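User: Could you take me through this model in questions and answers, with the cut-offs stated as they come up?

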Amino acid sequence: MCSLEKRDRLFILKLTGDGEHRLNPTLLDSLRSTINKIRSDPSSSRSVLITTSDGKFFSNGYDLALAESNPSLSVVMDAKLRSLIADLISLPMPTIAAVTGHASAAGCILAMSHDYVLMRRDRGFLYMSELDIELKVPAWFMALIRVKIGSPAARRDVMLTAAKVTAEMGVEMGIVDSAYDSAAETVEAAVRLGEEIVMRGGDGHVYGKMRQTLLREVLVHTIGLDESASSASSGVRNTGSKL
């Protein structure tokens, strides 16, 4: 599941436990509920969100075993993740992913949906595994990849060779902002960055609206442009009906 800690103006959201943090409906609902709790906090527009995890994995993507047992859940999980990513995009504060373990497929998308990605170099990789497991990548995944990975060569390697991107490779590709020697150092660096951003000041609602404009292409595929204009102040509605 996940936990939430507040340190002054920092919200630290953690995927808890030593498992793979597979994105099943229960975990996705828990994450979205936590994001909405952060949004409703009176200090949210002057704060920063840090997302991290326990254990070996940041997130190993969708719960494929669950989807195999009930194919209809594939649609449910995709809809719930789309809603979660739209919530992150509209959140009125900067966001930092402290990636302390493997982030694969949908888990990689979750990490890259944050404004900053910090990663440990001694273990873990970013990995879009769909080519290797013979699954078609959703159009909205590709929209986020196009926005977040600027180099065509890097996009090719990530999507068309299923490269397992280490922290140092990610820095070279422009996907990862900085790399650290351990999980603890990665989280500590995320906290320092968060504190620097808070000290810089600024209106989180303005920031959130600017992010929505910047990631317009992603919102086209998640909530639709007609809804995106109001999402920063009101949250994002459930997108299950759009699939």
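This is a predicted model: local features need pLDDT of at least 70, side-chain atom pairs count only at pLDDT 80 or more; totals for chains, interfaces and linings use all residues.

Analyst: Residues are numbered from 1 along each chain as its sequence is written, and side-chain values use heavy atoms, with hydrogens and water left out.

User: In what order do the 6 strands of the open sheet run?

Analyst: Strands here are DSSP runs of E with at least two residues, and helices are runs of H or I with at least four, numbered from the N terminus; two strands pair if DSSP finds at least two bridges between them. The pairing in this open sheet is mixed, and the order of its 6 strands is β1-β2-β3-β5-β7-β10.

User: How many bridges join β2 and β3?

Analyst: Leu 10 has Val 48 in β3 as its bridge partner. Strand β2 (residues 10–15) and strand β3 (residues 48–53) pair in the parallel sense, and the number of bridges is 6.

User: How many residues of α3 are buried?

Analyst: Buried means under 20% relative accessible area, exposed over 50%, and partly exposed in between, with a 1.4 Å probe and protein chains only. Helix α3 is largely enclosed by the rest of the structure, because the buried share of its 19 residues is 14.

User: Is Gly 101 buried or exposed?

Analyst: Gly 101 lies in the loop between β5 (95–99) and β6 (102–104). Its contacts (heavy atoms within 4.5 Å), leaving aside neighbours within four places in sequence, include Lys 56, Phe 57 and Arg 120. With a relative accessibility of 1%, Gly 101 counts as buried.

User: How many disulfides does the count come to?

Analyst: A disulfide is a pair of cysteine sulfur atoms within 2.5 Å. The cysteine sulfur closest to that of Cys 2 belongs to Cys 108 and is 20 Å away, which is too far for a bond. By this rule the number of disulfides is 0.
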